[in-house]
Amino acid sequence: MSTPTVLKGSDAAVQNTNDDAQISKLSCVRLGYFKDDFIQYFVRRASRRSPLINRGYYSRITALRHLLYQFLAAGHDPATGSTPPKQVLSLGAGFDTTWFQLQSEGIAPARYIEVDFAEVTHKKANIIGSKEPLYKLLGLDKGGEIDAESGRIVTDQYCLLPADLRDLKALEAALTSVGFQPELPTFILSECVLVYMRSQDSDALVHWLGRRLPTAVFVLYEQIKPDDAFGQQMLMNIESRGCPLLGIRGTPSLESHVARFRNNGWQRAEAKDMNTIYRDHLDPQDKRRAERLEIFDEFEEWHLIQEHYCIATAINDTQGIFRNYGLPENESIHKPLPCAD
Ligand SMILES: C[S@@+](CC[C@H](N)C(=O)[O-])C[C@H]1O[C@@H](n2cnc3c(N)ncnc32)[C@H](O)[C@@H]1O
């Protein structure tokens, strides 16, 4: 498959949001908010972000990582010491490095599948193919397939697949081609992705996954509240970059995220805004450490921004392994992200 050279304007702009996200993650890593030894390979022009942005990414990444760790540990049987094999499906993964981090920590799941537009996976495959620490971790020096031209990598544990998430037939074909197993416990990650799609497309995707995956956790992070003054300004800023939040009117609130999941094949769902998550669900000790990293006095804006982002989770649990799944209230069972010295 060749990489399309002509992109529809807004698709190209949406793809560029990936670069922005990775620059912000690297900014956090360099300041010590969290550790990620791999993000450096995916950023061409590093830039230090404002304390407001850094703290926002810290809260996003810390909460999402906690949910992922919890999923990976679910179903652990203390008697046998075994945990059921699991898979991750990362939608619109961009240059996310989570698989590399999990693999280097020795806790990667049985399968980790990333999907994005071919233009993005093409660039990601090129980077992975040209950086020794990345392709060695993937075992690509010993086997597996990498086709940077088409943006496809297939190894036993990790797959990178080009597909447009609005085209469910193409997505299904891509997943089937690498032996995606719908019956395995699956963690679906959508970090700032569905909101760029029209609601009819993202609803269809949520429905399709909800119907096919009997044991799964869907974790979504994105913007909400488009209608108050701050929300209107946020929409204008994003629209001016050419990538409007086409889906935000369909899921403008916490309640609408829950309702969308419940109406589309998911047994349970909940949604919280990032103010609540930061206040009540992040490890207090790690938060204190992060809060000392930079001088910070923009509290009013901080709360406004955090109120306009949410994490929604949905669960299908035919095996009964996610009974207590979710972010815990402020307490000590958090596994803090390893932090840079
Ligand atoms: C803001 S970036 C987020 C990247 C990554 N999830 C992260 O948080 O670091 C949005 C990503 O979603 C991808 N995306 C948006 N719409 C998509 C679609 N219809 N099909 C495939 N990927 C899509 C973009 O190409 C981009 O890489």
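What follows is a chat about reading a sheet and a ligand site in a predicted model.

Biologist: What should I know before I start?

Modeller: This is a predicted model, where local features need pLDDT of at least 70, side-chain atom pairs count only at pLDDT 80 or more, and totals for chains, interfaces and linings use all residues. Residues are numbered from 1 along each chain as its sequence is written, and side-chain values use heavy atoms, with hydrogens and water left out.

Biologist: What is the strand order in the open sheet?

Modeller: Strands here are DSSP runs (E, at least two residues), numbered from the N terminus, and two of them pair if DSSP finds at least two bridges between them. In this case nine strands line up as E3-E4-E5-E2-E1-E6-E7-E9-E8, with mixed pairing.

Biologist: Why is one side of E3 and of E8 left without a neighbour in the sheet?

Modeller: E3 (145–147) and E8 (268–273) stand at the edges with a single partner strand each, so one side of each has no neighbour there. E8 runs antiparallel to E9 (residues 309–317), joined by six bridges. Take lysine 272: its bridge partner in E9 is isoleucine 311.

Biologist: Now the ligand. How many residues surround it?

Modeller: A residue counts as near if one of its heavy atoms lies within 4 Å of the molecule. Here 21 residues surround the ligand, and Lys25, Arg60, Gly92, Asp116 and Leu165 are the closest. Helix H1 (residues 9–31) gives the most to that shell, with seven residues; a helix is a DSSP run of H or I, at least four residues.

Biologist: Which side chains have a polar atom by a ligand oxygen?

Modeller: A polar contact is a pair of N or O atoms within 3.5 Å. Polar side-chain atoms lie 3.0 Å from a ligand oxygen for glutamine 22, 2.7 Å for lysine 25 and 2.9 Å for arginine 60.

Note on methods
A polar contact is a pair of N or O atoms within 3.5 Å; within protein, one must be able to donate a hydrogen and the other to accept it, and residues adjacent in sequence count only if both atoms are side-chain atoms.
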